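Me: Please take a close look at one part of this model, a pocket lining. What is it made of, and where do its residues lead?

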Amino acid sequence: RPPRSTPKPSSAASDVYKRQTWSSRVAVSRRRDGATARTAPRSATRAMSAYEDAVRTTLGALARALDAKRCDATLEGAWKLDVARSESLGPFLRALGAPRIATPIADNLPTTVTVKCDDDGRGFAIVDATALSSRNETRARFDGAETLRTTRGGRKRFYLSGDAREGALVIVCRLFERGEGWATEQIRGMDPSGSGMLRERNVLKRPNGEPDVVVDRFFRRVVD
């Protein structure tokens, strides 16, 4: 009779490789009822643990960053524009397309700004009033969320968000209808020179590498 065939070395090696690979990928444990349960390989467990650690680290950093953003209570109260100390809004307004006649009106118009922190310190309200306009209130939170707003005349739309930077309150308006890269910032904080006044820094950011337009105005605290 013909000789019995023997397994090819390559087939035997393949079987051993498959068994080793399977045993390294799946660990079999005995349950009390005698059934078997397959558990994830150690490499997958380590990867999942590393992923969970990274998520916890990221969430912790985010929580600390949000906790650091709090409304400075020393800014609360009413503040009146000091025209003599303030810079002209002309460059800021003209860069936004406002007519030149608007500059002297905006520069000399008596203006009062009232700052109020939210009860939890994670947001604020700014109320500005002039002799020619009614009270305008702007509210913002430090959660990074943007809200869609319209200008007083209702002609333009923009996205508004709030921030806190080194004790100053920031209102960011993203002027998306003008195109990518257009935004304004109103940064209100105590005057760094130590004058005891409130500094309002108006910043216009433009695309295509154009320099920011920056105008500082100063307000004196209104004492009852």
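Reply: The lining of the second largest pocket splits into four nonpolar, two polar and four charged residues. Here Ala, Val, Leu, Ile, Met, Phe, Trp, Tyr, Cys and Pro count as nonpolar, Asp, Glu, Lys and Arg as charged, and the others, Gly among them, as polar. The model is predicted: local features need pLDDT of at least 70 and side-chain atom pairs 80 or more, while totals for chains, interfaces and linings use all residues. Numbering runs from 1 along each chain as written, and side-chain values use heavy atoms, without hydrogens or water.

The pocket holds about 220 Å³. A pocket is an open set of 1 Å grid points that fit a 1.4 Å probe, with protein on both sides within 12 Å along at least five of seven lines; lining residues have an atom within 4 Å of a point. Arg 165, Glu 166, Gly 167 and Ala 168 are among the lining residues.

Two strands (DSSP E runs of at least two residues) stand out. S10 and S11 (198–205) each supply at least two lining residues. S10 gives the largest share, three residues.

Arg 201 sits in S11 and Asp 216 in strand S12, so the pair ties together parts 15 residues apart in sequence. Arg 201 is partly exposed, at 27% relative accessible area. Asp 216 counts as buried, at 9%. Buried means under 20%, exposed over 50%, partly exposed in between, with a 1.4 Å probe and protein chains only.

A second bridge pairs Arg 217 with Glu 200 at 3.0 Å, N to O. Arg 217 is in S12 (residues 213–221) and Glu 200 in S11, 17 residues apart. Both partners are buried. The structure holds 17 salt bridges.

Conventions: Grid points are joined across faces, edges and corners, and a volume is the space filled by probe spheres set on the points. Helices (H or I, at least four residues) and strands (E, at least two) are DSSP runs, numbered from the N terminus. A salt bridge is a side-chain nitrogen of Lys or Arg within 4 Å of a carboxyl oxygen of Asp or Glu.
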